Amino acid sequence: MFRKVVRQSKFRHVFGQPVKNDQCYEDIRVSRVTWDSTFCAVNPKFLAVIVEASGGGAFLVLPLSKTGRIDKAYPTVCGHTGPVLDIDWCPHNDEVIASGSEDCTVMVWQIPENGLVSPLTEPVVVLEGHTKRVGIVTWHPTARNVLLSAGCDNMVLIWNVGTAEELYRLDSLHPDLIYNVSWNRNGSLFCTACKDKSVRVIDPRRGTLVAEREKAHEGARPMRAIFLADGKVFTTGFSRMSERQLALWNPENFGEPMALQELDSSNGALLPFYDPDTNVVYVCGKGDSSIRYFEITDEPPYIHFLNTFTSKEPQRGMGSMPKRGLEVSKCEIARFYKLHERKCEPIVMTVPRKSDLFQDDLYPDTAGPEAALEAEEWVSGRDASPILISLREAYVPSKQRDLKVNRRNVLSDSRPAAAPGTPRPGPSAPTASTNIAALSGSLAGAGEAGKLEEVMQELQTLRALVQEQGVRIGRLEEQLGRIENGDA
């Protein structure tokens with residue numbers, strides 16, 4: 001007699017449960033903009049939802065405790081002049097959120113500690129560099145104040161929010177629309193899914209393509225690609241026959257997928273949410289009424305289907321709570337915030353356990369809110385894994401520090417315009433005046449032919465620097481003229 005052996009997994013019995021009606025957020029007019037974004041971002045303090053707004057773009061920020069019906073007059077964050085397409089909470093400060101919009105700008109906002117009491121129209125910083133709408137914003141997982149944005153101009157820009165400057169501009173790696181961007185665990189690489197059906201792994205500091213897989217999914221509909229904790233890449237997409245697929249890839253050998261599964265023939269884009277602590281991927285389809293979840297393991301077939309949570313209403317978008325915001329006493333391993341047309345409904349994923357004690361196997365140390373690196377350290381080439389915290393005593397948020405922006409005077413800063421993927425030097429870059437001082441010093445002591453040659457080289461360098469600055473100032477004046485004429 002052959003007996004079928006069921007694979008052992010502590011997540012086999014995970015079940016999803018929507019909260020009671022009085023714990024939902026009612027009467028929210030979720031944005032109708034046609035963009036495959038999650039429209040929702042959540043952290044242990046606040047829920048943010050992109051909403052319909054007349055004459056511009058807005059999103060709602062609610063303290064998690066503010067459940068029930070939301071007043072139509074409730075204040076919003078409304079500084080954009082075009083619809084908001086994507087929002088993302090800073091992983092190192094629960095009161096800072098970034099937004100990308102159709103108005104081609106990225107804005108970073110500081111939310112008051114207890115939530116909004118009046119409309120917020122003044123961002124802490126406006127980041128301008130895209131020429132078309134900005135559809136993706138995502139924070140660096142371990143470096144403070146580093147933000148990535150991707151737009152419909154097929155460009156990826158990486159910013160230092162603390163100084164409001166552009167660090168890297170990657171404008172030649174994507175020939176078509178970028179569907180999504182996902183950082184790896186320590187933020188040394190990111191992967192993208194593109195409309196040309198390619199999945200790319202990119203080193204942002206060198207501006208180079210590390211690996212590329214063409215036609216990861218044959219279908220023409222939108223794909224998604226996310227990094228897993230061990231460096232593998234998980235993708236969702238469509239087959240040539242428009243069937244929805246999941247695949248797992250090893251970027252060191254992008255030839256064939258490690259695993260490929262077909263789900264169904266529905267037409268909504270699949271949005272993957274990944275938990276690096278449990279290695280569970282939750283897959284939510286836009287317009288579906290279900291959340292499927294899979295466990296990723298090291299043994300074939302690698303992707304193991306666990307279960308499906310099904311409800312009656314289709315989802316317009318979805319937000320996922322970071323691990324430190326979950327209730328460990330109830331064995332909650334994930335919480336999703338499902339957007340309906342007029343409300344947001346939290347869905348709790350639980351592992352059934354009889355014991356009330358802390359479950360070590362369900363809650364390994366998880367990424368905490370403290371940044372492992374400063375922006376300047378990351379730019380200089382350092383990498384660091386997230387700083388982990390224990391959830392044994394349940395996470396208690398600490399006092400957040402305000403986001404301060406130290407702007408540099410663009411005209412007096414003599415940094416040359418950087419080539420794609422090259423870092424722009426920080427404040428230690430030599431200015432034109434220091435170059436002139438060095439030059440005159442060399443002239444004073446120039447007696448030999450060797451010194452004279454050195455002086456001539458410095459003079460040439462200085463000339464090139466002045467020319468580059470002239471081009472840069474011209475470009476800035478042109479941009480300013482376009483903004484003043486209302487063309488931007």
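## Confidence

The chain has an average pLDDT of 88. Of its residues, 88% score at least 70. Where pLDDT is low, the predicted coordinates should not be read in detail.

## A four-stranded sheet

Four strands make up an open sheet. Their order is β3-β4-β5-β7, and they pair antiparallel. The edges belong to β3 (40–42) and β7 (77–80). Each edge strand has a single partner, so one of its sides has no neighbour in the sheet. From one strand to the next, the twist averages 20°.

Take β4 and β5 within this sheet. Strand β4 covers residues 46–51, and strand β5 covers residues 57–63. Six bridges join the two. Phe-46 is bridged to Pro-63 in β5.

## Glu-95, in a loop

Phe-46 turns up again as a contact of Glu-95. Glu-95 lies in the loop between β8 (84–89) and β9 (96–101).

What does Glu-95 touch, leaving aside neighbours within four places in sequence? Its contacts are Lys-45, Phe-46, Trp-89, Trp-109, Gln-110, Ile-111, Glu-113 and Gln-400.

## Val-106, in a strand

Gln-110, one of the contacts of Glu-95, belongs to strand β10, which spans residues 105–110. Val-106 sits in that strand too. Its relative accessible area is 0%, so Val-106 is buried.

Leaving aside neighbours within four places in sequence, Val-106 contacts Ser-99, Val-125, Val-126, Leu-127, Val-134, Val-137, Leu-147 and Ser-149. Consider Val-137 among them. Val-106 and Val-137 are 31 residues apart in sequence. In space, they are 7.9 Å apart, C-alpha to C-alpha.

## Cysteines

How many disulfides does the model hold? The count is zero. Cys-152 shows the spacing: its nearest cysteine sulfur belongs to Cys-104 and is 8.9 Å away. A disulfide needs the two sulfur atoms within 2.5 Å, so Cys-152 is in none.

Cys-152 is buried, with a relative accessible area of 15%. Cys-90 is buried as well, at 5% relative accessibility.

Terms used:
Residues are numbered from 1 along each chain as its sequence is written. This is a predicted model: local features need pLDDT of at least 70, side-chain atom pairs count only at pLDDT 80 or more; totals for chains, interfaces and linings use all residues. Side-chain values use heavy atoms; hydrogens and water are left out. pLDDT is the predictor's confidence in each residue, from 0 to 100. Buried means under 20% relative accessible area, exposed over 50%, partly exposed in between (1.4 Å probe, protein chains only). Contact means heavy atoms within 4.5 Å. Two strands pair if DSSP finds at least two bridges between them. Axes are lines fitted to C-alpha atoms, for helices over the stretch in contact, and angles run from 0 to 180 degrees between N-to-C directions.
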